[in-house]
Amino acid sequence: MAGDWFETVTEAQRRAKKRLPKSVYMALFAGSEKGVTLEDNMAAFSELGFAPHVAGLPKEREMATEVMGQPLSMPVMISPTGVQAVHPDGEVAVARAAAARGVAMGLSSFASKPVEEVIQANPQTFFQSYWIGDRAGMEKRLERAKEAGAAGVILTTDWSFAYGRDWGSPDIPDQMNLKTMLKFAPEVLRRPKWLLEFAKTGQPPDLSVPNMTAHAGEPAPTFFQAYGEWMQTGSPSWDDVRWMREQWGGPFMLKGVMRVDDAERAVDAGVTAISVSNHGGNNLDGTPAAIRALPAIAEAVGDQIEVVFDGGIRRGSDVVKAVALGARAVMIGRAYLWGLAANGQAGVENVLDILRAGVDSALLGMGRSSIHDLTPNDLVIQPGFERRLGTDSATIR
Ligand SMILES: Cc1cc2nc3c(=O)[nH]c(=O)nc-3n(C[C@H](O)[C@H](O)[C@H](O)COP(=O)(O)O)c2cc1C
């Protein structure tokens, strides 16, 4: 429906807020502690600017690229998120939208749809794993993803189990049964459109995590059961990272790198790619914006592995800024979740179209005919913008 189209990601967020029950909206908003990192992820993009030309602009702009062996129609990918109860089609709707727009997708271990169904909708899917349980269990889940045809693995290790948000954490039930439905009835009944989407399926939102089992169709743990197991598991060593990379044997990304020294260790562990990321401001609060850490990391390891970026992307010009600072591509989190909440698959396509048009517009203004020609010199960078974490040189430049 034309009336469902939105013109910016901010508008998609407004609609998501209106449409979703408060607990679901707040689960997507996420963030940790005081929200310093969450805010800086977006604020830092405002410290980067452009110096547009007025004539001699390129007629056509090249945007296609490749990450972990996957061709992309633009330097944007879907970051893995535990989508859960946003929309009944969940990650399958996201995968269809990504496929329709020529974009690869990361599928979370904590996703609500089985990896087999998601890969059917988009073969350009990377399976995301946390370090949960023992090696044997992880091996089985990776084996399942491989059999399903996953194009690569993303290992996410930046998690310090922070909890407590100054604005309050949502009350998420362990499972949706009659008791919890009644408990949540008051806030859900205020969001009839969201309820209607689920009513059409005849099922309440499924809060289990089907990709945490060794085989498709096995009884899956709930989100909180899986989270509990994660809390009991020690965090991985660099040998563990190397082990998982070898176990997988194909394209492999380590997500959540913020320091140059860690990026160098990731190179030593043999990864294909890293994502410079602070988990969208959901991990250790006080970590600087990921975009501030990108230039030093790209400079240090960009010629040895693929450097991807995520955190705070809300518009096409943000994508261009990240690429100019050394990212091969970016991944988006909340932006597509807002789109999914606002209008299902079409909403995610809408978000990807907004980003594409924004990349094109920024390239045009800058007089650049290809994303591959972008350099930091294309940007106006405020003094003190960078954070060179994990280096001997000054932290701020
Ligand atoms: C609600 C939510 C759930 C997330 N779940 C996961 C996850 O399961 N695995 C993961 O690697 N990252 C997860 N992330 C982090 C995203 O992949 C990504 O790093 C982050 O959202 C990027 O920041 P942005 O939201 O500003 O684009 C999650 C983020 C959000 C907002």
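Q: Which way do strand β4 and β11 pair, parallel or antiparallel?
A: Strand β4 (residues 76-78) and β11 run in the parallel sense, paired over three bridges. Keep in mind that this is a predicted model.

Q: OK, and what stands opposite methionine 77 there?
A: That would be methionine 331 in β11.

Q: Which way does β10 pair with β11, parallel or antiparallel?
A: Parallel: strand β10 (residues 306-310) pairs with β11 over three bridges. In that pairing, phenylalanine 309 stands opposite valine 330 in β11.

Q: What do β10, helix α13 and β11 make together?
A: They make a right-handed β-α-β unit, with helix α13 covering residues 316-324.

Q: Where do the β11 side chains point?
A: Ala329 and Met331 point one way from strand β11 (residues 329-332), while Val330 and Ile332 point the other way. In a regular strand, side chains alternate between the two faces of the sheet.

Q: Are those four buried or exposed?
A: Ala329, Val330, Met331 and Ile332 are all buried.

Q: Let's talk core. How many residues are in the largest nonpolar one?
A: It has 113 residues, and those with the most contacts inside it are Ile274, Leu294, Ile297, Val308, Ala327 and Val330. The largest share of this core comes from helix α14 (residues 334-366), with 16 residues.

Q: What is alanine 327 in contact with, sequence neighbours within four places aside?
A: Leu294, Ala298, Val307, Val308, Phe309 and Ala322.

Q: Switching to the ligand: which residues come nearest?
A: There are 24 residues around the ligand, and Ser79, Ser108, Thr156, Gly280 and Gly333 come nearest.

Q: What's in that shell by class?
A: Seven nonpolar, 14 polar and three charged residues.

Q: Now helix α8. Why does it lie largely in the open?
A: Helix α8 (residues 192-201) has ten residues and the number buried is one, so it lies largely in the open. Just after α8, glycine 202 takes a positive phi of about 75°.

Q: And where does alanine 220 lie?
A: Alanine 220 is in the loop between α8 and α9 (223-232).

Q: Why does alanine 220 count as partly exposed?
A: Because it has 19 C-beta neighbours inside 10 Å, and a buried residue needs 20 or more.

Q: What's alanine 220 in contact with, again leaving aside neighbours within four places?
A: Ser208, Val209, Pro210, Met212 and Thr213.

Q: How far is alanine 220 from glutamine 247?
A: Their C-alpha atoms are separated by 24 Å, and the two residues are 27 residues apart along the chain.

Conventions
Residues are numbered from 1 along each chain as its sequence is written. This is a predicted model: local features need pLDDT of at least 70, side-chain atom pairs count only at pLDDT 80 or more; totals for chains, interfaces and linings use all residues. A nonpolar core is a set of buried Ala, Val, Leu, Ile, Met, Phe, Trp, Tyr and Cys residues joined through C-beta atoms within 7 Å. A residue is buried if 20 or more other C-beta atoms lie within 10 Å of its own, exposed if 12 or fewer, and partly exposed in between; C-beta atoms are placed from the backbone. Helices (H or I, at least four residues) and strands (E, at least two) are DSSP runs, numbered from the N terminus. Two residues are in contact if their C-beta atoms, placed from the backbone, lie within 7 Å. Two strands pair if DSSP finds at least two bridges between them. A crossover is right-handed if, with the strands pointing away from the viewer, the path from the first strand over the helix to the second runs clockwise. A residue is near a molecule or strand if its C-beta atom, placed from the backbone, lies within 6 Å of it. Ala, Val, Leu, Ile, Met, Phe, Trp, Tyr, Cys and Pro count as nonpolar, Asp, Glu, Lys and Arg as charged, and the others, Gly among them, as polar.
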